[in-house]
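Biologist: I have a model open and I want to learn how to read it. Where do we begin?

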Amino acid sequence: MKITSCKSAVLLCVTCFLSAGWAHARLWRPDDAATPPAAWFDANDASTISVTNILGTNQVVQWNDKSLNNNHLVQNDTNLQLRTGTRNIGGANALESNSSPATNYMDLTTGIGVVDEIAAFAVFLPDRFAACIFADTGNQKLGLWSANDYGYRFGDNSTFDTGVTGASWGAGEAGVMCVYRDSSDDVYGTMHGYGPDLIENDTGDGTVWSTIPYKTYPNQSLNGALGEIVIVTSLVDTDTRQKFEGYLAWKWSLEGKLPASHPYKDAPPTVPDGTLFLFE
């Protein structure tokens, strides 16, 4: 889908108005959600990434939070820093993470408590069949977890849901994953917009998400590319969840992975705006 501003296509207005379809709209963003994100990290936004150059490679010292909470990701140890400018997802810049010779991760300025309703969305490309994105400082794999056939863990190591009905994911493939908890403390997951599938009943409160990606065991941390992360500390209804999925899928050229029944399979979510856009 191409979006052409009316300012650059004035001469096409009359002939295209009826045949192509015009709309006063702009693309939906995470900060358009009813409850804005608690944290939002976008690897394709260079203005949010501070680097140090080590032997010609830009290593990430700080990845700034795009929400209004200033909950930045920071790593000052050059042996543990992610890299930028070395990987991409769908042609957009992504941060590279490896677990050798040392696990790459970043610390949140303020940990996010895994209590009550919470949802996390991530776009990433794992190079192997183990890639934990969110975790606390210990051995709790909290949030998005993929292993073997790309399922989920939430809370402790004993809880594992193998995949999401209808979805598939392999090493070397990028995708959109979501995990969220409702008011009954039941945890659900979606994959590329498929689902949701129940992961765990009545989890109770978790601890605190404090690092991204997971760092404790190198064989379970992310080897691959990390594109975008959004965390929302409120109940996410179906409409909002699907907006996040559509936004992320189209932004990272992953819309082809959305199921045919997804409301944003054919076009990304938009919001009313004073700008006139042509959707082709």
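Modeller: Begin with a loop. P213 lies in the loop between β18 (208-212) and β19. Strand names come from DSSP: helices (H or I, at least four residues) and strands (E, at least two) are DSSP runs, numbered from the N terminus. A cis peptide bond joins I212 and P213, and omega is about -10 degrees.

Biologist: What should I know about the model itself?

Modeller: This is a predicted model: local features need pLDDT of at least 70, side-chain atom pairs count only at pLDDT 80 or more, and totals for chains, interfaces and linings use all residues. Residues are numbered from 1 along each chain as its sequence is written, and side-chain values use heavy atoms, with hydrogens and water left out.

Biologist: Which phi value does L55 have, and where is L55 found?

Modeller: L55 has a positive phi, near 50 degrees, and is not a glycine. Its place is the loop between β4 (49-54) and β5 (57-63). H192 also has a positive phi, near 55 degrees. H192 is in the loop between β16 (187-191) and β17.

Biologist: Are those two residues buried or exposed?

Modeller: First the cut-offs. Buried means under 20% relative accessible area, exposed over 50%, partly exposed in between (1.4 Å probe, protein chains only). L55 counts as exposed because its relative accessibility is 86%. H192 has a relative accessible area of 4%, so H192 is buried.

Biologist: What does a partly exposed residue look like?

Modeller: Take T270, in strand β20 (residues 270-279). T270 counts as partly exposed, at 32% relative accessibility. T270 and Y247 are 23 residues apart in sequence, and their C-alpha atoms are 8.9 Å apart in space.

Biologist: How do I read strand pairing?

Modeller: Two strands pair if DSSP finds at least two bridges between them. Look at β19. Strand β3 (residues 39-42) pairs with β19 in the antiparallel sense over four bridges. There, D42 stands opposite E228 in β19. Strand β8 (residues 92-97) also pairs with β19 in the antiparallel sense, over three bridges. L226 in β19 is the bridge partner of L95. Strand β10 (residues 118-126) and β19 form an antiparallel pair over eight bridges. P126 stands opposite G224 in β19.

Biologist: Why is β19 called largely enclosed?

Modeller: Count its buried residues. Nine of the nine residues of β19 (residues 224-232) are buried, so the strand is largely enclosed by the rest of the structure.

Biologist: What is a nonpolar core?

Modeller: The general idea comes first. In soluble globular proteins, nonpolar side chains tend to be buried together. A nonpolar core is a set of buried Ala, Val, Leu, Ile, Met, Phe, Trp, Tyr and Cys residues joined through side-chain atoms within 4.5 Å. The largest one here has 33 residues; W63, F124, I133, F134, L226, I229 and I231 have the most contacts inside it. Strands that each supply at least two residues of this core include β3, β5, β10 and β19. The largest share, four residues, comes from β10. Apart from this core lies another, of 27 residues, among them V123, C178, A249 and L258.

Biologist: What does W63 touch?

Modeller: Contact means heavy atoms within 4.5 Å. Leaving aside neighbours within four places in sequence, W63 is in contact with residues including F41, D42, H72, L95, M106 and L226.

Biologist: How do I check a helix?

Modeller: Compare spans. The expected span is 1.5 Å times one less than the number of residues. Helix α2 (residues 238-251) has 14 residues and should span 20 Å; its end C-alpha atoms are 20 Å apart, which agrees. Eleven of the 14 residues of α2 are buried, so this helix is largely enclosed by the rest of the structure. The buried residues of α2 pack against β3, β10, β15, β16, β17 and β19. S253 follows α2 and has a positive phi, near 55 degrees.

Biologist: And the whole chain?

Modeller: The chain has two helices and 20 strands. Buried residues make up 53% of its 280 residues.
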